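Hi,

Here is the structure I promised to pass on. Have a look first, and then read my notes below.

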Amino acid sequence: MTPIDQAVAIGAEARRFVRTYHNGSLCTLSKKLEGYPFASVSPFVLDAAGNPIILISNLAEHTKNIDADPRVSLLVYPCADDAQAVGRVTLTGRAARLPDKNGFGDRYLRYLPQAHDYFAAHDFYFYRIQVENIRYIGGFGKIHWVRPEHYAPPPTAALVEAEAGILAHMNADHRDNMRDYCRHLCACEAFDVEMVGIDYDGFDLRADGKLLRLDFSEPITNATEARTALVAMARQCREAQGQQIT
């Protein structure tokens, strides 16, 4: 593997890590406290390019900080008893308000439906953190600075356009397959399942109220490739079921 190939592989690993979580610690530069770092909790959802989108009030301290100085960082990590033993990613960049509040609303609320009242409020707006640097710690001795071009997926406009249709089809016709994904690929039983998002690297299910992330074995860029990948996973589940019966 060439150094470039290795860098791209590490960047993809960092991106897939971030896709697994939807809560982070947002750090802005305080306007009130003369440039001191100011940390706050911030749910987020990634856009197609891997940039976090956050929904924040213009009355919040961190929003005032961003409007004064857009440089921010977002620390993404799982809740764990030993926080230093698990992976984590710090994304740094500049945050900017999206001109159209409704453009990202559907996707954001599929992942974070609890934010519906915030979204409806007149003083809440979406801000995009345009990722400029990535610090990825995947475990002991696995520490990397990642360049943004190695972190970002390639353009997937066709998949973004097809996402709503894919979700509608899967949720209308293939809930049994999604229950099998939960059972055989995530080791959990679920009754109420729905697909909430699909992207270059994989897809997300809400299973009995809990978000589950599943990665594809190979990336996808359009609806045809999505169908092929999902059918292959369903076949994998059926084969696993057959082995269990045997």
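Strands here are DSSP runs of E with at least two residues, numbered from the N terminus.

Before you go further: this is a predicted model, where local features need pLDDT of at least 70, side-chain atom pairs count only at pLDDT 80 or more, and totals for chains, interfaces and linings use all residues. Residues are numbered from 1 along each chain as its sequence is written, and side-chain values use heavy atoms, with hydrogens and water left out.

Back to the sheet. The order is β9-β10-β11, three strands in an open, antiparallel arrangement.

Now the pairings (two strands pair if DSSP finds at least two bridges between them). β9 and β10 (residues 202–207) are joined antiparallel over 5 bridges, while β10 and β11 pair antiparallel over 6 bridges. A207 has K210 in β11 as its bridge partner. The β10–β11 hairpin has 2 residues between its strands, and D208 there takes a positive phi near 50 degrees.

Elsewhere, S30 sits in the loop between β1 (23–29) and β2 (37–43). Is S30 buried or exposed? S30 is buried, because its relative accessibility is 6% (buried means under 20% relative accessible area, 1.4 Å probe, protein chains only). Leaving out residues up to four places away in sequence, S30 touches G35, Y36, F38 and N65 (contact means heavy atoms within 4.5 Å).

Cheers

Key: Helix = DSSP H or I, 4+ residues; strand = E, 2+ residues; numbered from the N terminus. Buried < 20%, exposed > 50% of the residue type's maximum accessible area, 1.4 Å probe, protein only.
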